[in-house]
Amino acid sequence: MGRLGRLGAVIAAVACVAVVVAYQATRPASAVSNPVVFIPSPAFYERLSPSTRLTVADVYWLYTIQYYGEHVDSDHRLDSLPAMIRLVTTLSPHFREAYFFGAFDMIDAGRPDIGYALLERGFKANPSDWRFPFYLGFFAYTFAPQADKDSVASQWYATAAKLPGAPQFVGRMAAELATNGNEQRKALELWTLVYVQGDKYSRQKAVAALDKLLPADKVAREKAVASLKDLVPPDLFDQFIADVFARYL
Amino acid sequence: MSRVAAVAVNTFRETIRDRVLAVILLFALAMIVASLWLASISLGQEGRMIKDFGLVAVSVFGLVVATFVAASLVRKEVDKRTVFVIFSKPVSRAEFIWGKFAGLAGTMFAVVAGMTVFLFLLAWNVAGGPSGSILVAGLLIYLQLLVVVAVTMFFSTFTSAILASVLGICVFVAGQLSHNVLSLTRLGHSGVTRAVSESVFYVIPNLSAVDVRASLAGEGAIRATSLAAWSVYLAAYAVVALIAASWIFRRKEF
């Protein structure tokens with residue numbers, strides 16, 4: 001190849017590179033994709049082997065995050081999100097973070113009812129995880145009809161407080177909501193449990209709340225406290241009596 | 001026994017020196033590292049993603065090595081006529097097949113162990129703690145791949161190397177779905193269909209009976225007894241495939 005030939009080859013190569021770069025550079029910036037995408041039914045994948053199911057769940061988990069991130073700040077349409085989360089959690093029922101992520105995203109999608117149902121499903125699959133009833137309590141308190149919300153949320157928090165690993169404040173929240181919901185007996189029992197199970201701070205809060213809830217009359221108070229005796233361990237009962245009757249000392 | 005060992009050592013040396021193997025291994029390690037990127041977009045699920053996609057990479061690249069190397073192992077000796085030199089020595093055809101398998105099993109161990117230990121260290125670094133299940137999963141992948149090696153070697157005794165590779169991959173995929181065949185068997189109303197699908201269920205290796213990957217993500221625990229039973233099953237299946245390969249190879253005329 002002569003000098004002219006080599007020059008021609010270099011020019012051809014440069015021209016081709018320019019064409020390639022120009023083509024890519026003139027591609028339109030990525031538009032927001034369609035908010036309605038095809039998500040196969042979980043049944044489609046359920047017959048696959050466990051490891052394949054898990055990997056499909058993880059792939060859809062990544063896809064769900066991208067989908068949420070793309071639409072939540074642009075067109076605010078999350079039409080396919082419920083189907084995506086249902087697919088991920090059906091294929092990997094113990095993938096707890098997927099339930100939580102999905103439930104809170106349903107608030108953005110304007111469907112907290114689906115989020116609530118998702119958490120209920122997650123709690124069925126993971127009955128020992130206190131976070132499910134805790135978040136269910138949050139959803140109930142935030143989105144349930146005004147009349148029910150305190151008592152339903154209190155019920156969920158009370159369930160969460162009984163599970164291993166639940167922080168002390170969950171029991172206090174259950175008791176507080178039962179008090180707000182005018183459920184006198186339930187509130188008394190929950191505050192007593194907070195007193196029994198709680199730390200020093202929880203115990204102070206429980207004594208203050210019980211003092212307000214229990215009758216001011218000493219005889220009536222003795223009767224009410226006697227009805228709570230079964231909830232307090234014998235070794236703690238004297239201290240409990242001293243605390244709830246402190247105002248009479 | 002010493003003749004099998006001699007063939008095995010030679011096969012191990014031959015395959016481990018293969019540059020293609022090194023390239024595939026490097027590519028696999030790159031894919032495992034790439035799972036870090038997937039982990040970074042997983043919203044707090046870094047450990048789970050690295051373990052899952054990392055083990056997928058170990059399995060897929062292990063399969064590539066297993067099928068392509070196993071398919072060419074016997075064919076190459078036959079095509080290059082080096083098999084005549086070997087058989088001029090007191091080495092039986094069965095010993096040749098078993099030696100080839102043992103040598104490749106050693107290579108596969110080095111390949112899978114290398115990838116698994118790399119993944120183990122990477123996951124340790126990301127998750128902040130060691131996960132012994134990765135090593136168990138690596139061992140199970142190795143056992144699965146040994147079955148694929150044996151089956152591919154069986155195919156390579158009577159077909160071309162390419163076809164043997166393709167069939168080996170097909171057996172791996174079918175093995176992952178073998179329990180579906182059983183489900184179909186139960187659904188079937190025709191006696192003939194049921195008999196055929198039941199036979200297929202027994203012929204296809206059951207490669208999905210136990211999976212550590214699911215337990216890595218907290219989707220159920222694995223019992224040691226089922227792990228042991230499955231390992232024995234896989235070993236038995238590989239032995240059957242190798243016996244069949246030896247039988248066909250013994251009758252082969254060059």
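His76(A) sits in the loop between α3 and α4 (81-91) of chain A; helices here are DSSP runs of H or I with at least four residues, strands are runs of E with at least two, and both are numbered from the N terminus. What is the phi of His76(A)? Its value is positive, about 55 degrees, although His76(A) is not a glycine. Most residues other than glycine have a negative phi. His76(A) counts as exposed because it has 11 C-beta neighbours inside 10 Å. The cut-offs are these: with 20 or more other C-beta atoms within 10 Å of its own a residue is buried, with 12 or fewer it is exposed, and in between it is partly exposed, the C-beta atoms being placed from the backbone.

Arg81(B) lies in the loop between α3 (46-79) and α4 (82-87) of chain B. Its phi is near 65 degrees, a positive value in a residue other than glycine. Arg81(B) is exposed, with 9 other C-beta atoms within 10 Å.

Before going further, please keep in mind that this is a predicted model, in which local features need pLDDT of at least 70, side-chain atom pairs count only at pLDDT 80 or more, and totals for chains, interfaces and linings use all residues. Residues are numbered from 1 along each chain as its sequence is written, while chains are lettered from A and ligands numbered from 1 in the order in which they are written. The term pLDDT stands for the predictor's confidence in each residue, from 0 to 100. For chain A the mean pLDDT is 86, and 97% of its residues reach 70 or more. Within chain A, confidence is lowest in helix α2 (residues 42-46), at a mean of 82, and highest in α6(A), at 94.

Now step back to chain A as a whole. It has 13 helices and zero strands. One of them, helix α1 (residues 3-25), has 23 residues and reaches 33 Å from its first C-alpha to its last, close to the 33 Å expected at 1.5 Å a residue; the expected span is 1.5 Å times one less than the number of residues. Is α1(A) largely in the open or largely buried? The number of buried residues among its 23 is zero, so α1(A) lies largely in the open. Along its principal axes, the C-alpha trace of chain A spans about 115 × 40 × 35 Å. Chain A has a radius of gyration of 29 Å, whereas a compact globule of 249 residues would have one near 18 Å. This radius is taken over C-alpha atoms, and the globule rule is 2.2 Å times the number of residues to the power 0.38. Of the 249 residues of chain A, 36% count as buried.

Chain A is divided into domain 1 (40-127) and domain 2 (129-249), with bounds that come from an automatic or database domain assignment. The C-alpha centres of these two domains lie 35 Å apart. Their contact takes eleven residues from domain 1 and seven residues from domain 2 of chain A, where two residues are in contact if their C-beta atoms, placed from the backbone, lie within 7 Å. On the domain 1 side, α5 (96-108) and α6 (112-125) of chain A each supply at least two residues, and the largest share, seven residues, comes from α6(A). By class, that side has six nonpolar, three polar and two charged residues. Here Ala, Val, Leu, Ile, Met, Phe, Trp, Tyr, Cys and Pro count as nonpolar, Asp, Glu, Lys and Arg as charged, and the others, Gly among them, as polar.

Leu119(A) is in helix α6 of chain A. It counts as buried because it has 27 C-beta neighbours inside 10 Å. Leaving aside neighbours within four places in sequence, Leu119(A) is in contact with Tyr99(A), Ala103(A), Phe132(A), Tyr135(A), Leu136(A) and Phe139(A).

Finally, how do the two chains meet? The contact takes 16 residues from chain A and 21 residues from chain B. On the chain A side, the largest share, nine residues, comes from α3(A). Chain B itself comes to eleven helices and zero strands. Its radius of gyration is 20 Å, close to the 18 Å that the globule rule gives for 254 residues, so chain B is as compact as a globular protein of that length. Of those 254 residues, 41% count as buried.
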